Amino acid sequence: MSRKELFRYSEENKEEFLKSDNITFNDGTVVTPEEIWHYLTVEAPVKYPNAYEINELRGSRRTRDEKYVTGLKSQYLSLTLSERMEKAKDKGKTVAFIQGGQAVDPYTAADTIALRPALVNNWNSGRKYGETVYERNVRTKGIKERAYHDMSFEACQTGGFEHIQAGDLRVDVIAPYSALRCSDVSYGLEAHRHGPNDKVKLFLGDYPMRFQADKEWAIEYFAHNIRKLIETLDEISGKKTTEEDLKNSIKLHNEGRKLAIEASEIWWSAEVPPTTGGERGALFGLGTLEGHGDVQATLSVLKEAKNIIAERVKKGVKGHKISDNPKRLFVLGSCVGINASRSEDAGAIVVGTDNHWSHVVKLVDEEGDPYYNLAKATLEYPYEQSIEKRAAWTVEQIKKSRADGVIFLHNWGCNTQAAISRAIVDVIKRETGLPTFISERELGGLSNEQEQNRVNAFVEML
Amino acid sequence: MAIKTLDIIRRRVEERPEELKKERANGKKVLGWIGYHIPEEVAYSLGFIPIRISVGGDSKLVEVGARYASSKTCVFLREIVGAFAENTDPYIQETDVLAFDATCLQNFRAAEVIEYFFKRDVVVLGVPRNVYWEEAIEYFTQEAKEFTRLLEERAGVSVDKKKLAEAVDLFNKIRAALKEIYQYQASKGNVISWLEVYDLIQAGYVLDKQEYLQLLQQTLAELKEQQSYIDIEQEAGEARIFISGSVIPRGDRKLINIITSLGGRIVGDDIWTGIIPYLDLNIKEISPEGIALGYLNRTPHGALPYLELKTDKRLKKLHGLLDEYKAQGVIYHTLRYCDPYTFKAKETKDVLAQSGIPLLEIHTEYAGSDYEAIRTRVEAFVEMIRNQTIESEEEVSA
């Protein structure tokens, strides 16, 4: 197959980039901006040409803005994930597959790398070098189809089942939370019991349902689940996680959450959006510190990012190629989003989401029993509350973000989020008077064009 | 010879909506419930008339339900939501309080949607997923107490231990009678079919419990008179089918009719709307939480995950029932978007294959467009099983 023309980072921006901060990793190693620049411009285009393709979907570049340092560093962390995971495993680090919209404080406390489906897929994809976007898609789609066959063809996604069961990835434990945000989590977990990989441990964090944050017995039960989770992780690592470890982890993660909240307030306060919508989403996603398989590295990027955003807002910098009066969209629903760059081409910008934000905004009490505090905070996630309460919190975020329109997007097969989409949107419409629409996303990308047409029509209407 | 009591039961089911209206006019309250862990005895002892809400087979209501929930909600619950929207089902009309449990996530979501759009008074019982932990039992005990408190508030009375004991006794007798009747349908020379027993079970969702018990005992007496023995054995040329998987509520008889019309003999089931909820229910303590724990300790619902295949109670029970009813093949019914059972289809097929039991998955919804496709697949399955029986008979003779 003929090779595609590849994008290259402009040398014009190099000098400024080199003035930025180092990234410090969990194991204490440090990567300098020089090394990152070298990787992004020399090594990565050879290893991962798919990330440098010039096409409608912009390859898999994290940012279109070459001057946005955080975007480049996030891309560096994303491209190096596979190699970093392999190295971590060689050093005996525990890796857990997680799902369920939770903060990862207990996993960090137990010295475990917690990876969500997207990261597991990224880990697997990165193990093969030299692929184009097309080649990678063909390879991964074929593997995915087998997983749907083994699980259910009505699964919203396979959650990396295929890679873990094939033994391709050294995941030690599947340990999700059965939170409301997703119906398939516990069934997907259970599906692992009949796969060929019987080495992988299974654990379910049982999230009590029906808005139970005010019930002491529910908090106690969930706190016990967190204890058992840590015990399970300790069994794998052979270490003993103490209460102090969990307290320290909560402090560390609170720092990430606070930074993301502060950065968000700054971003929302800007007259013009200081970054693109995709960059905004990636930035606030850093607040959970788990997005790149290394909490310290993520924290160091986030600390710097907050200052970069503040500086951009102060100088009135506008996000790359954002139109002069973009229609501001708030996207809520499942763990999926609209195509940010194509929506920006249509004159819009995503200014907020509820998913991947709900568990960032909930700080955990640092005094007292850390298991209890973490359980209580988790049960209080706004996203997991009743229709009226969740919608009330969402309305608050929509107002802060000064959105012009609201999209409830659910993934195909995501019946827990889809089931309440109309009710939530109903309250939002009532309370804000904003135009809304409900749309369905298909993770396989088969309906990308239809979905974008609908988004564009909505933006046009706004 | 037909069982005459079955005609009486059918008539009484038809008359029941009018009766309920009168009872409500006289101050009685109706508790409609949907779930797997709702301790009916508690509601009954508090003076509620418990009615299990069960509609199915109506694709128009499914469409209506999708407008309020979503097209990704399972077909059964979509129809339930649609039925609340239309509000023409007599049992839905006559319901004062609704009780749901959080066994299936979609059940719980349906409760939220019904509460929000149709302003119904809804009480939800939380159900743990790590049910084999002591802490989960403690959590569920507290949930059962809270659930009871909410029902007491609505009933205007507190639980009376004597009345609760009487309710447990009554429901135990109903369960015992159903189990006994169920044996007759699977026997040689049966005078009652599985479908008749299935309808009989579902009649109990709505009938007055005292009267229901009396009708079951009358049915048993007739059975004993007309069929003096229970001998559950395979016979030559039979295709003994076991139904597993998603719910098949009243109103949905598509798959069942296809199987029976093709000569398949259904001899057992482990579905939520069949016999399984009545099996292995041992109430060790007469208290709301004691009853609830009895419910929790039965064969687990498919929505409750269990992480070790070898010791899975649900699969163990399935094997036991297949053996007990001498079933030769399983038709595994999965409703569109019913995750608890679609996720388990392949696994169940693989597990049963190890015991030489074939499984056919039928994935369907309430529309009739797949009728012929299902018929063709079931026909081939029934024929395959029947031929196996004939071949094994010939081998024995040779």
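Me: A helix here is a DSSP run of H or I with at least four residues, numbered from the N terminus. So what makes residues 4-25 of chain B count as helix H1?

Reply: Remember that this is a predicted model. Helix H1 of chain B has 22 residues, so it clears the cut-off of at least four. Just after H1(B), Gly27(B) has a positive phi of about 100 degrees.

Me: How do you know what span to expect for H1 of chain B?

Reply: You take 1.5 Å times one less than the number of residues. For the 22 residues of H1(B) the expected span is 32 Å, and the stretch from first C-alpha to last is 32 Å, close to that.

Me: Where does H1(B) have a kink, and what is it?

Reply: The kink is at Arg16(B), shortly before the proline Pro17(B), and comes to about 45 degrees. That angle is a bend because it compares the axis fitted to the seven residues ending there with the axis fitted to the seven starting there.

Me: Which residues of H1(B) are called buried, and why?

Reply: They are Thr5(B), Ile9(B), Arg16(B) and Leu20(B). To be called buried, a residue needs 20 or more other C-beta atoms within 10 Å of its own, so each of these four passes that test. Their cover includes strands S1 (29-34) and S2 (48-52) and helices H9 (194-203) and H10 (209-226) of chain B.

Me: What makes Ile80(B) stand out in the largest nonpolar core?

Reply: That core has 247 residues, and Ile80(B) and Val113(B) touch the most other members. Helix H8 (residues 161-185) of chain B gives the most to this core, with 10 residues. Domain 1 (90-241) and domain 2 (323-462) of chain A both contribute too, so the core lies between them. Setting aside neighbours within four places in sequence, Ile80(B) is in contact with Ile34(B), Ile53(B), Val55(B), Gly65(B) and Ala110(B). Those pairs count as contacts because their C-beta atoms lie within 7 Å.

Me: How do you know that domain 1 and domain 2 of chain A are in contact?

Reply: Their centres are 23 Å apart, taken over C-alpha atoms, but contact is judged residue by residue, with a limit of 7 Å between C-beta atoms. On that test, 23 residues of domain 1 of chain A are in contact with 23 residues of domain 2 of chain A. H10(A) gives the most to the domain 1 side, with six residues. That side divides into 14 nonpolar, five polar and four charged residues.

Conventions:
Residues numbered from 1 in each chain as written. Chains lettered and ligands numbered in written order. Predicted model: local features only at pLDDT ≥ 70, side-chain atom pairs only at ≥ 80, totals over all residues. Helix = DSSP H or I, 4+ residues; strand = E, 2+ residues; numbered from the N terminus. Buried ≥ 20, exposed ≤ 12 C-beta atoms within 10 Å, placed from the backbone. Contact = placed C-beta atoms within 7 Å. Core = buried A, V, L, I, M, F, W, Y, C linked by C-beta atoms within 7 Å. Domains from an automatic or database assignment. Nonpolar A, V, L, I, M, F, W, Y, C, P; charged D, E, K, R; others polar.
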